[in-house]
Amino acid sequence: MASSTVIAINVDREGVALAPPYSSKSQKKKLDRFYCQPIVSILKQKPMNGHDMRKVIHSVKVGVALVLVSLLYLLGPLYKRVGENAMWAIMTVVVIFEFFAGATLSKGLNRGIGTVLGGGLGCLGAAFAQAVGGVGKAIVVGIAVFIFGAGATYTRQIPNIKKKYDYGALIFILTFNLVVVSGLRADQVLELARDRLATIVMGFAICIFISLLVFPIWAGDELHHSLISRFEDLARSLEGFSKEYFENDNHKEKKSSANFSGKCKSILHSKAKDESLVNFARWEPWHGKFGFSYPWGKYLKIGEDLRDLAIIILSLKGCHDQSSEILEASAKEACEGIIASLAWTIKELGESIKEMSKCRYEEMIVPKMKSVRIEVSAIVNPFALGTYLENSDGLGIASFVHSLMKMVEKLEELAKEVEELGQLGGFHENS
């Protein structure tokens with residue numbers, strides 16, 4: 001049986017633990033090892049990767065921004081100038097400071113435009129209501145709130161507006177209602193709107209300064225690297241498919257398909273992320289390799305083609321399962337060569353985007369795809385296909401060949417999109 005050691009913990013009259021008594025040196029070592037174990041486990045954790053480090057950087061940046069904007073409260077001279085309106089600067093930092101620089105800039109500009117428009121129209125509405133006076137004042141305010149509130153809410157439901165300016169429309173509704181329903185005199189409304197706008201601009205300036213100039217995290221870079229990694233994942237998925245089904249070991253055991261299937265499925269769920277990153281990247285200024293007019297929209301089309309390819313790769317598995325014995329017996333080498341050529345093409349296109357070099361479409365991609373078409377059509381000749389269709393494996397073979405032909409067509413479309421991206425994005429010529 002394993003022996004156990006019981007250690008008594010003394011407490012004083014107030015219930016505070018005192019230093020434990022040690023009956024022997026061995027007992028002290030055991031207790032020290034017990035206390036140090038959590039610290040050792042933390043130190044043994046894996047080092048942070050790039051994404052984790054960016055999270056830490058972003059958290060520190062937000063903390064610094066909050067400290068700077070809190071100086072409006074903490075420093076007497078600044079507080080005398082802005083007063084209680086300083087809370088709007090703090091609220092601005094909390095609300096608009098996002099992980100990516102483009103997202104921060106997008107929300108900041110949306111907040112600024114919404115505040116200016118809502119505050120300006122709200123002041124006009126309040127001034128007009130004061131001029132009417134009496135019972136008509138409440139009627140004017142009610143009509144203004146209904147018209148602008150309903151109109152802005154309807155605008156938020158338009159797809160193009162919702163993607164880019166939804167937050168600005170929301171801030172417009174909030175600011176307009178706060179100003180027009182305030183019930184203050186017209187001159188006081190103007191003064192209040194001016195002071196609040198000034199503090200919001202202060203918070204926005206602090207966010208933009210820190211987000212863009214202090215270790216900026218660009219949505220464009222994230223989108224670029226994400227797209228490249230999907231090219232690599234698709235190529236590895238094809239290679240994994242070939243190894244699993246056409247490179248059996250002596251015991252004819254097949255490896256698990258979870259690896260390449262998982263990569264394909266993750267690519268299928270990338271649409272929402274792409275749309276979000278493209279929206280943020282369009283707001284970002286010139287940085288690194290990406291200029292003001294960089295064609296970010298092309299990344300959405302390329303991403304759609306990659307998702308179609310992922311679907312075809314997943315379908316190849318089902319087609320092969322229906323006709324595995326015939327394919328492995330009669331067309332093993334041909335299938336391996338075709339899949340290797342397709343994987344090479346995907347890698348070549350991904351490398352072109354990674355290095356930002358123009359795709360050699362006419363020189364390399366087109367000849368490669370022509371040779372692949374010939375190899376696919378040679379897998380089964382008309383006579384053999386008629387023989388296969390007489391048994392249950394025929395449908396699987398036909399589906400497998402059809403999927404390979406669809407992949408060739410989709411790769412040709414993808415190559416054209418990459419070529420257009422190189423032309424619009426100013427990619428350099430291959431040396």
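A residue is called buried at under 20% relative accessible area, exposed at over 50%, and partly exposed in between, with a 1.4 Å probe and protein chains only as cover. The structure described here is a predicted model, in which local features need pLDDT of at least 70 and side-chain atom pairs count only at pLDDT 80 or more, while totals for chains, interfaces and linings use all residues. Residues are numbered from 1 along each chain as its sequence is written, and side-chain values use heavy atoms, with hydrogens and water left out.

Helices are taken as DSSP runs (H or I, at least four residues) and are numbered from the N terminus. Helix α7 spans residues 159–180 and includes Lys163. At 56% relative accessibility, Lys163 counts as exposed. A bend of about 85° is found in α7 at Tyr165; the bend at a residue is the angle between axes fitted to the seven residues ending there and the seven starting there.

Two kinds of surface patch were identified. Patches are made of residues with over 30% relative accessible area and no salt bridge; like charges are joined within 9 Å, and nonpolar side chains (Val, Leu, Ile, Met, Phe, Trp, Tyr) within 5 Å. Accessible areas come from the Shrake-Rupley method with a 1.4 Å probe, and for residues only the protein chains shown count as cover. Lys and Arg count as positive and Asp and Glu as negative, whereas His and the chain ends are not counted. The place of each charge is taken as NZ of Lys, CZ of Arg, CG of Asp or CD of Glu. On this basis, a patch of positive charge on the surface gathers Lys163, Lys164, Lys271 and Arg282.

The other patch is nonpolar and consists of Leu121, Leu124, Val135, Ile139, Ile143, Phe146, Ile147 and Phe148, which together have about 800 Å² of accessible area. Helices α5 (101–132) and α6 (134–156) each supply at least two residues of this nonpolar patch. The most is given by α6, with six residues. Phe148 has its place in α6 and is partly exposed, with a relative accessible area of 30%.

Two loop residues other than glycine have positive phi values. For Phe215, phi is near 45°. This residue is placed in the loop between α8 (186–213) and α9 (219–246), and Phe215 is exposed, with a relative accessible area of 60%. For Met356, phi is near 55°. The loop that holds Met356 runs between α14 (332–355) and α15 (361–377). Met356 is buried, at a relative accessible area of 7%.

Salt bridges were then examined, a salt bridge being a side-chain nitrogen of Lys or Arg within 4 Å of a carboxyl oxygen of Asp or Glu. The structure holds 19 salt bridges. In one of them, the side chains of Arg230 and Asp274 meet at 2.7 Å, N to O. This pair links distant parts of the chain, with Arg230 in helix α9 and Asp274 in helix α11 (residues 271–281), 44 residues apart. Both partners are buried: the relative accessible area is 5% for Arg230 and 1% for Asp274.

A salt bridge is also formed by the side chains of Asp305 and Lys410, at 3.9 Å, N to O. Here too distant parts of the chain are linked, since Asp305 lies in helix α12 (residues 297–322) and Lys410 in helix α17 (residues 393–425), 105 residues apart. Asp305 is buried, at 8% relative accessibility, and Lys410 is buried as well, with a relative accessible area of 15%.

In a further salt bridge, the closest N and O atoms of Arg373 and Glu412 are 3.0 Å apart. Arg373 belongs to helix α15 and Glu412 to helix α17, so this pair ties together parts that are 39 residues apart in sequence. Arg373 is partly exposed, with a relative accessible area of 26%, and Glu412 is likewise partly exposed, at 22%. Finally, salt bridges that share partners join Arg230, Asp274, Glu304 and Arg307 into one network.
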